[in-house]
Each structure stands twice: as structure tokens, then as C-alpha cells.
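The exercises below are meant to be worked through with the sequence and the model open side by side. Each one sets a task and is followed by a solution in steps.

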Amino acid sequence: MTTDAFLADCRARLAFDLLSNTWNAVVLWALRDGPRRPVELREHIGGISSKVLTETLRRLQFNGLVARHAHPGAPLRVDYQLTALGRTLLAPIDAVGAWAFEHGDEVMAAQEAACSGRGRMPA
């Protein structure tokens, strides 16, 4: 196994892939305080469709980051919570969020400059 993040078999690419999907980090962060039902997640997150939330939860469950719990009864009640592995991603997500808070204005200014023709996208 290599540690060169640009090579296909590097484990660092796994982490980059997990965090490159916007909704993965958002859903993980929304679950940091404990289990939530899908409808609670949608209300808490905002801007995510039921379909995308379901896909995201399945992807996170597949990767061992989220656990699904079905509670017996009618109607069936399902909630999701972070696994121990999922909790390990909270610190990196927090670090990226802190970076965005500190440098977000600079990024948006660069984007505005590029859109107004003052800056150019690299070739």
C-alpha cells in the first residue's frame, strides 16, 4: 500500500472520496449529537431531497460510517446514528469547516473575479 495520494491504490484517496461528496460530510455532521430519523435529518439539514438523503445514508452505511436502526411497531420507525468509525471523521470535517470559515471570503472573491473576467481559469 502506498501513501502517495495521487495513486489509485492509496488509502488517502478513500478519505478524499468520502469527503468529496458534499452531502456525506453534511449528514455526518448532522448526526454528531445522536441518532435522528430521516425526517429530522431533512428538517435539520435543509436543501436536501428525500431521495438524495436516502442515497447518502445508504452510502454512509455501506462505508461503515452510519448505522441504521429499525424499531418495531406500526408504523416502522427508523433512525440513523454515527458508528465509532463515523465519529472519527468529525474532527477532519470540523477542520475543513474552520478553514472554510476563515478563508471562504477569499475563495468567493476569487470566484467573483473569475466570473467577471478579472481573473482567468487556469488552462
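**Exercise 1.** Determine what share of the residues in the protein chain is buried, and describe the fold in outline.

*Solution.* In this predicted model, buried residues account for 23% of the 123 residues in the protein chain. Among contacts between residues at least 6 apart in sequence, 41% join residues at least 24 apart.

**Exercise 2.** Work out how helix 2 is oriented towards helix 4, and which residues meet between them.

*Solution.* Begin with the geometry: helix 2 (residues 22-30) packs against helix 4 (residues 50-62) at an angle of about 80 degrees, and their axes lie 10 Å apart. Angles of 65 to 115 degrees count as roughly perpendicular, and the two helices are therefore roughly perpendicular to each other. Next, list the residues: Trp 23, Asn 24, Val 27 and Leu 28 of helix 2 meet Val 52, Leu 53, Thr 56, Leu 57, Arg 59 and Leu 60 of helix 4. Sorted by class, this contact has seven nonpolar, two polar and one charged residues.

**Exercise 3.** Carry out the analysis again for helix 2 and helix 3.

*Solution.* Here the packing angle is about 110 degrees, with the axes 10 Å apart, which makes helix 2 roughly perpendicular to helix 3. From helix 2, Trp 23, Val 26, Val 27 and Ala 30 meet Leu 41, His 44 and Ile 45 in helix 3. By class, the contact of helix 2 with helix 3 comprises six nonpolar residues, one polar residue and no charged residues.

**Exercise 4.** Identify which residues of the largest nonpolar core touch the most other members, and trace the surroundings of Leu 31.

*Solution.* Of the 20 residues in this core, Val 27, Leu 28, Leu 31, Leu 41, Leu 57 and Val 66 touch the most other members. Helix 2, helix 3 (38-45), helix 4, strand 2 (77-82) and helix 6 (90-115) each supply at least two core residues, and helix 2 gives the most, with four. For Leu 31, once neighbours within four places in sequence are set aside, the contacts are with Arg 36, Leu 41, Val 66, Tyr 80, Gln 81, Leu 82 and Arg 87.

**Exercise 5.** Locate the cis peptide bond that joins Ala 74 and Pro 75.

*Solution.* This bond has an omega of about -5 degrees, and Pro 75 is placed in the loop between strand 1 (66-71) and strand 2. As background, most peptide bonds are trans.

Terms used:
Residues are numbered from 1 along each chain as its sequence is written. This is a predicted model: local features need pLDDT of at least 70, side-chain atom pairs count only at pLDDT 80 or more; totals for chains, interfaces and linings use all residues. Side-chain values use heavy atoms; hydrogens and water are left out. Axes are lines fitted to C-alpha atoms, for helices over the stretch in contact, and angles run from 0 to 180 degrees between N-to-C directions. Angles under 35 degrees count as roughly parallel, over 145 as roughly antiparallel, 65 to 115 as roughly perpendicular and the rest as oblique. Contact means heavy atoms within 4.5 Å. Ala, Val, Leu, Ile, Met, Phe, Trp, Tyr, Cys and Pro count as nonpolar, Asp, Glu, Lys and Arg as charged, and the others, Gly among them, as polar. A nonpolar core is a set of buried Ala, Val, Leu, Ile, Met, Phe, Trp, Tyr and Cys residues joined through side-chain atoms within 4.5 Å. Buried means under 20% relative accessible area, exposed over 50%, partly exposed in between (1.4 Å probe, protein chains only).
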